[in-house]
Amino acid sequence: MTSVIERLRGESPAFSIEFFPPRDAADEAVLWRSIRELEPLDPAYMSITYGAGGSSRDGTIRSIARVATETTLVPMAHLTAVDHSVAELRNVIGWYAAVGVRNILALRGDPPGDPYGEWVPHPQGLSYAEELVALVRSLGDFCVGVSAFPYGHPRSLDLDTDTKYLVRKFRAGADFGIAQLFFEAEDFLRLRDRVAAAGCDALVIPGVMPLTTPRTLHTTIRLSGAPAPQRLLDRLEPLADDPKAFRAEGLDVVTELCERLIAEGVPDLHFYTFNRSKATREVVHRLGLVPARA
Ligand SMILES: Cc1cc2nc3c(=O)[nH]c(=O)nc-3n(C[C@H](O)[C@H](O)[C@H](O)COP(=O)(O)OP(=O)(O)OC[C@H]3O[C@@H](n4cnc5c(N)ncnc54)[C@H](O)[C@@H]3O)c2cc1C
């Protein structure tokens, strides 16, 4: 099976898609409709996030196994160190391998319940993503991705420290990074420059959220960890009560951002889909990122 890094080294820019595990049968139907609608557009890979515990984690494993066995997509499973001993992490990685998933996004994760609460590692577990990267690498021929933060991770003291630990994840064996949400192409490009200036040539790809509703805008602001630029708010906030106009303007904003990123040579745009396909399909068609037959 092709690895994510092989797909990212393709000749033309590509896109990839991220989903979260379904909570129930209705969710599962929505997820699978979206996967099937995006599959013919030949995304570089697809990923499924890893939840805070219990049934949602089973949902990740079940869904990624189904993608690996029933679709033509390259699957990547997320994995976090939250509430796992090293023995449990080895088990999950083994399950991924057993169903044919050879791409893992290795994350530390947040304290369950309160993402800004104190991080307490499992007594037999890991403290940082860097250690999970090394663990995954030690267990087989996996392609490993990590997270990266254009404005710095919320817990980082400053951008230099943030870059230092990001580069350590690459030195520990990560093949590529996916950036958290951001607003302006320059914000992402500065992250890419910081990594390069630290002497690291690892690929970092931008994370993109189609801005279809005020809720997606607020989620982007929350996840990015930075205030939205006034220029963006001036374009979208006046349309908050007009769903159609908001969606049209939001997708224009995102398309313009993606065009700028492609012009700057990014090999892939990673779309956070919220398990829906329509907005992502629209944007990638507008960007010309889909095969002619689609
Ligand atoms: C693309 C993407 C996908 C994500 N998917 C998921 C998901 O599926 N499930 C989920 O629960 N969360 C997910 N997250 C959120 C992520 O788990 C959180 O952002 C979490 O707070 C940090 O995880 P990390 O892997 O970045 O941690 P780390 O890279 O370990 O960093 C955590 C903090 O510790 C610092 N640090 C790192 N290494 C060291 C060290 N050796 N010594 C001292 N300090 C250090 C870092 O600078 C940072 O401030 C995702 C985030 C992104 C960007």
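Helix α6 (159-171) contributes the most to the shell around the ligand, giving three residues. Helices here are DSSP runs of H or I with at least four residues, strands are runs of E with at least two, and both are numbered from the N terminus. The elements that give two or more residues to this shell also include β3 (75-80), β4 (103-107) and α5 (129-138). The shell has 22 residues, and T49, H78, R108, A129 and S147 come nearest.

By class, the shell holds seven nonpolar, nine polar and six charged residues. Ala, Val, Leu, Ile, Met, Phe, Trp, Tyr, Cys and Pro count as nonpolar, Asp, Glu, Lys and Arg as charged, and the others, Gly among them, as polar.

## A note on the model

Please keep in mind that this is a predicted model, in which local features need pLDDT of at least 70, side-chain atom pairs count only at pLDDT 80 or more, and totals for chains, interfaces and linings use all residues. Residue numbers start from 1 along each chain as its sequence is written.

## The sheet

Nine strands make up an open sheet with parallel pairing, in the order β7-β6-β5-β4-β3-β2-β1-β9-β8. Two strands pair if DSSP finds at least two bridges between them. At the edges stand β7 (203-205) and β8 (207-208), each with a single partner strand, so one side of each has no neighbour in the sheet.

Further inside the order, β2 and β3 run parallel and are joined by three bridges.

## Helix α2 and its two faces

The buried residues of α2 are L31, S34, I35 and L38. They cover an arc of only 100° around the axis, which places them on the same side of α2; the arc is that of the directions from the helix axis to the C-beta atoms. A residue is buried if 20 or more other C-beta atoms lie within 10 Å of its own, exposed if 12 or fewer, and partly exposed in between, with C-beta atoms placed from the backbone.

The cover over these buried residues includes β1 (14-19), β2 (46-48), α3 (54-70) and α11 (278-287); contact here means C-beta atoms, placed from the backbone, within 7 Å. The face of α2 turned away from its buried side carries the exposed residues A25, A26, A29 and R36.

## Helix α4

In α4 (residues 86-98), L89, I93 and Y96 are buried. They span an arc of only 55° around the axis, so they sit on the same side of α4. An α-helix has 3.6 residues a turn, so residues three or four places apart point the same way. Cover for the buried residues of α4 includes β3, β4 and α5, while A87, N91, G94 and A98 are exposed on the other side.

## Positive phi in two loops

Most residues other than glycine have a negative phi. D42, in the loop between α2 and β2, has a positive phi near 55°, and it counts as partly exposed, with 17 C-beta neighbours inside 10 Å. N275, in the loop between β9 (268-272) and α11, also has a positive phi, of about 65°, and N275 is buried, with 20 other C-beta atoms within 10 Å.

Definitions and conventions
Near = placed C-beta within 6 Å. Contact = placed C-beta atoms within 7 Å. Expected span 1.5 Å × (residues − 1).
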